[in-house]
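The entries follow the order of my reading.

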Amino acid sequence: MTDEILQVRHFIGGEFVDSLDGATFDSISPIDNAVVAHVAEGSAADADRAVEAARRAFDDGPWPRMSPAARRKIIHRAADLIESRLEELASWETRDMGKPISECRTKDVPRTAHNFRFFADFAEMQHTEAFPKPWDNVLTYTLREPVGVSACISPWNFPMMLESWKVAPALAFGNTVVLKPAEQSPISASIIAECFLDAGLPEGVFNVVHGFGPDAAGERLTTHPGVDLVTFTGESATGRVIMANAAQTLKRVSFELGGKSASIVMADADIDLAIKGTIDGIFRNQGEVCLAGSRLLVQREIYEEFLERYVAAAEALVVGDPRDAATQIGPLVSTEHLEKVLSYIELGQAEGGKLMTGGHRVTEGALALGNYVAPTVFADVDNSWRIAQEEIFGPVQVVVPFDTLEEAIAIANDNRYGLAGMVWTSNLNTAHRVAREVRTGTMWVNCFFVRDLRAPFGGMKDSGIGREGGAYSEEFFTESKAVVIQFPS
Ligand code: ADP
């Protein structure tokens, strides 16, 4: 399969179709910058077609009217099919966007299947409230109904996993969906559409439109009057544009946006654990992670020792072809993104950061064809510098020393983002204090990336609007209706 070029089409109304005007674009593999797929390029007219299919399926079709148990059965069948196509999904995702295949096999594909199962099960457990007033002979209770047509606009860094995080609750709670995958990583969404087709999902319930955002399919989904809600993961700047566009038709929105999360290492931490966690925190997925612990705050007493070991751990990471199971760091998603990350590395040096390791492309052998960057660590960084304030979204760590806990908390909060954070300490009081005082949607204590799908997930400040996960997703993807019954006295 290595050199095969795929034809990727839209999935609309239960069929794989080309764009109305026949337009296509090439998806380029970051491994060698060769074409991996010819992809249907959706225009506004294609988005309209998908919304109409989803609208029909919602207004007249069986899906919103089915029992959650019946929906659960179909979603579970799709999840089983996703798992049965693990190797195929993993290899295409890796070729499409450069993620190490070991991650795809052990995390992205299984978690995608799990997300679908989790929300299908969760929706079946749905319960509502009652407000009885027997003294007035009145009973008020609530019904939860699906909202309608959901536009799911997703990014390229965890393509199938983040798509499933949106599509799973949308479907499980009875909505219909138009998914617009990121243009850099379109392939897995089409494979998942095949799984839903084979699982017997009624036509028009799940649609996929490929293409770009501005002035194209993506933007149209945010302005179309037939779309009821938009869930989006991507850059904060894009979130602003989508919110403004969606405001015209008063759509409900949920956004998970950028981050520059602080990872605070206290002198009393388990240092081995902290090194492992904070290395993973920035270098997993080549640093293309919105939750990344991309500011490493280390207490001065252990700063020198920690830094030395941290640099050694960064240098031990295996950069290579992501199709190789031993690879830990693959190429960056595109040449454009590579340039952006390299320009931040240049900026870091100009701002006065001490480059401890990395800071360059990796171009040995066949890697010269791809977008590889060596794990990079800047020490002695001031939190006010741009490399400490802006999201780089690559394998670049900035290390900031601090003296006291108060100072660490102040530094952590001195940023426009508030997505996540980590604290590494053996002191329970310190952990609680950091968790309470740092303004973020998630705070991890002595761990990273551990997720419970029932818990709220989202960001504060410029990192997002709303929360998803368990009952939080139910809140977003359903309408509450009050039913008031007056009994005769
Ligand atoms: P990145 O720059 O990392 O690709 P973006 O936030 O631009 O991140 O993109 C995330 C997703 O949002 C992609 O699917 C992209 O096509 C889509 N997108 C970008 N701009 C818009 C827009 N104006 N309206 C709707 N979707 C958009």
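I began with terms: strands (E, at least two residues) and helices (H or I, at least four) are DSSP runs numbered from the N terminus, and two strands pair if DSSP finds at least two bridges between them.

I noted that the model is predicted, that local features need pLDDT of at least 70 and side-chain atom pairs pLDDT 80 or more, while totals for chains, interfaces and linings use all residues. Residues are numbered from 1 along each chain as its sequence is written, and side-chain values use heavy atoms, without hydrogens and water.

Entry 1: I found an open sheet of 3 strands in the order 1-5-4, with mixed pairing. Strand 1 (6-8) and strand 4 (24-28) each have a single partner strand, so one side of each is left without a neighbour in the sheet.

Entry 2: Which residue in strand 5 does Phe25 stand opposite? I read that Phe25 faces Val39 there. Strand 5 covers residues 35-40 and pairs with strand 4 in the antiparallel sense over 5 bridges.

**Entry 3: the helix on the sheet.** I saw that helix 3 (residues 86-97) packs on the sheet and touches strand 1, strand 4 and strand 5; contact means heavy atoms within 4.5 Å. The direction of helix 3 makes about 95 degrees with that of strand 5. Such angles run from 0 to 180 degrees between N-to-C directions, with axes fitted to C-alpha atoms, for helices over the stretch in contact.
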